[in-house]
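Hi everyone, thanks for making time this morning. I'd like to walk you through the charged side chains in one structure, so let me put it on the screen.

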Amino acid sequence: MIDELHVSDVALIHDATINPGPGLTVLTGETGTGKSALLSAIKLLMGERADASSVREGAPALCVEGRFYLRNGDPDGTVVQRRVSSDGRGRVSIDGHISSVRELAEGVGSSIDLCGQHEHQKLLQVASHVQLVDSWLGQTALDARKEFAAALKECKAAERELRRVREMRRSASEELDEAAFIVRRIDEVNPKQGEYEEMEETLPRAEHAEALLRAAEGSREALVGDEGVTDELQSAIASLREAARFDSSLGNYAESLESALIDIEDVASELRDYRDSVEFDPEQLEALQARMAQFQGLMRAYGPGMDDVFRRREEAAAVVDAAQNGDELLRKAKKELRRAESVLAGKADALDAVRNEGAPRLAQAVTEQMRFLEMGTARLEVASERLPREQWTSVGPSKVELMYRPGAGLSARPLRKIASGGEVSRVMLACKVVLGEADATETLVFDEVDAGVGGATAVALARVLASLAKTHQVIVVTHLAQVAVMAADHYVVSKSDAAVPETHIRPIAGEERVREIARMLSGDDSEASLAHARGMLEEAGGQP
């Protein structure tokens with residue numbers, strides 16, 4: 001829900017703010033005053049494409065800000081800002097953080113539906129019709145759709161496996177000799193996972209065993225052998241202890257040397273253990289070197305690394321297996337695909353059955369609302385057409401489309417092909433009322449929904465909009481007094497006569513609202529018009 005909307009330098013609007021309530025809000029005013037600029041601002045907050053031509057002449061940039069309270073959103077609201085400079089560069093921020101237009105469209109934009117006579121409306125997008133039907137039908141349809149999508153995914157996996165087996169069989173005869181040679185050569189070496197890495201660590205030690213032994217033994221001898229470091233340290237410690245009788249500070253040096261002596265003796269002990277662990281075995285060394293040479297040969301042929309060697313063997317083995325067992329693998333793949341297709345067909349029938357049972361009820365409910373809108377014998381129908389198998393998607397196996405029958409004796413046509421803008425607006429309004437809470441949209445903005453409407457139809461339209469405002473926030477740009485008197489919040493749009501015209505938007509109430517209703521009724525504020533306007537407001541329950 002839009003809590004507040006602030007617009008700066010959009011088209012003719014220099015600075016304007018509206019605070020639409022949760023119910024019905026109307027914007028009225030003379031034709032050409034700039035009401036469309038406010039709709040452009042709302043589109044920017046919906047994540048639609050920015051256009052530098054929307055920047056007010058002479059301004060460096062336009063700015064649209066809004067605070068929204070979204071379902072399952074932050075209880076403190078979401079604050080959005082969209083700036084577009086006169087050179088076309090734009091910036092989006094959500095709750096003070098830089099964001100993208102896509103994030104804006106997926107978040108705030110998804111909560112608003114701008115329902116204009118000339119807009120690319122969600123309702124006229126055939127792809128959205130099946131979602132509307134499923135949402136209205138509820139959990140049963142959503143569960144059936146989920147099961148169908150899972151079965152379709154399983155079929156696609158079975159198709160991929162069948163293609164893989166066929167491709168392997170096709171290439172197996174050509175590649176069999178080479179593949180068999182690769183498997184045989186690698187298996188002759190019989191490498192194990194991790195073996196090469198282990199040899200990289202152990203071979204250098206085996207190759208330099210004699211040098212390692214000499215280094216360890218020589219170092220140990222220098223530390224603890226005859227006339228080694230430890231003998232000298234022990235003499236120094238004894239001398240310092242003797243002298244410490246006359247100067248106690250020398251005792252500290254003695255303690256430090258004793259600590260170093262302990263460390264040296266520990267190192268000497270570890271060097272002895274290391275020396276004992278090193279074995280100089282020419283035969284073992286030769287075997288390790290020969291084994292390493294085998295691994296290096298494999299890596300030169302199938303590498304560069306051992307992981308590549310193992311992968312190459314796996315691929316070659318698959319080719320050999322396909323050549324030797326190709327018929328059996330193909331039979332299994334075909335059988336699995338037939339099974340998956342059978343399951344999918346059952347899920348497709350179940351999903352279509354749920355939709356075909358419920359769709360007429362949805363169509364009837366919308367048709368009843370169309371009657372309230374004085375649309376005579378016009379009807380809404382839901383057409384379902386089973387698509388060829390290759391056209392099935394996760395949405396379902398059939399094309400679901402809303403159809404419009406202008407009269408009892410006329411053919412139904414796709415809703416998107418209705419020529420009359422007034423018909424489009426009223427059918428759309430009827431759908432919105434019926435969808436109610438099933439529609440994820442929170443805010444509905446209607447532009448020219450009253451085009452070509454008057455008399456009893458205008459009264460019916462006003463009542464339906466008021467009904468819709470019980471489940472949605474509804475904002476209507478209207479020229480109908482019958483609609484305006486139903487609103488909880490009323491804004492009037494006017495335009496100054498300055499050299500650079502400026503659009504002003506302000507809330508009205510009391511006698512000012514009475515005068516605006518009178519203007520909409522007869523174009524003047526005569527006593528008769530004012531009395532008529534006051535009576536309409538009182539009858540609608542609004543406060544004049």
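I'll go through the salt bridges, then a charged surface patch, and then one arginine.

Before anything else, please keep in mind that this is a predicted model.

Let's start with the pairs. As a reminder, side chains of opposite charge can pair when their charged atoms come close. How many salt bridges does a search of the whole structure find? The count is 29, and I've picked a few to show you.

First up is Glu-159 with Arg-389, where the closest N and O atoms are 3.6 Å apart. This pair links distant parts of the chain: Glu-159 sits in helix 4, while Arg-389 belongs to the loop between strand 9 (379-386) and strand 10 (398-405), 230 residues apart.

Now please look at Glu-195 and Arg-291. Their side chains meet in a salt bridge at 2.8 Å, N to O.

Glu-381 forms a salt bridge with Arg-405, with 2.7 Å between the closest N and O atoms. Here Glu-381 is in strand 9 and Arg-405 in strand 10, 24 residues apart, and again the pair links distant parts of the chain. Glu-381 has a relative accessible area of 23%, so it is partly exposed.

There is also a network of salt bridges, linking Asp-3, Glu-4 and Arg-67.

Let's move on to the surface. Which residues gather in a patch of positive charge there? They are Lys-153, Lys-156, Arg-160 and Arg-163. Of these, Arg-160 lies in helix 4, which covers residues 139-189. With a relative accessible area of 49%, Arg-160 is partly exposed.

Last stop: Arg-361, found in helix 10 (residues 306-372). Arg-361 counts as partly exposed because its relative accessibility is 44%. What does Arg-361 touch, leaving out residues up to four places away in sequence? The answer is Trp-136 and Leu-137. Leu-137 is 224 residues from Arg-361 along the chain, and their C-alpha atoms are separated by 9.3 Å.

That's my tour, and I'm happy to take questions.

Notes
Residues numbered from 1 in each chain as written. Predicted model: local features only at pLDDT ≥ 70, side-chain atom pairs only at ≥ 80, totals over all residues. Heavy atoms only, no water. Patch = residues over 30% accessible without salt bridge, like charges linked within 9 Å, V, L, I, M, F, W, Y side chains within 5 Å. Areas by Shrake-Rupley, 256 points an atom, 1.4 Å probe, with all protein chains shown as cover. Salt bridge = Lys/Arg side-chain N within 4 Å of Asp/Glu carboxyl O. Lys, Arg positive; Asp, Glu negative; His and termini not counted. Charge placed at Lys NZ, Arg CZ, Asp CG, Glu CD. Helix = DSSP H or I, 4+ residues; strand = E, 2+ residues; numbered from the N terminus. Buried < 20%, exposed > 50% of the residue type's maximum accessible area, 1.4 Å probe, protein only. Contact = heavy atoms within 4.5 Å.
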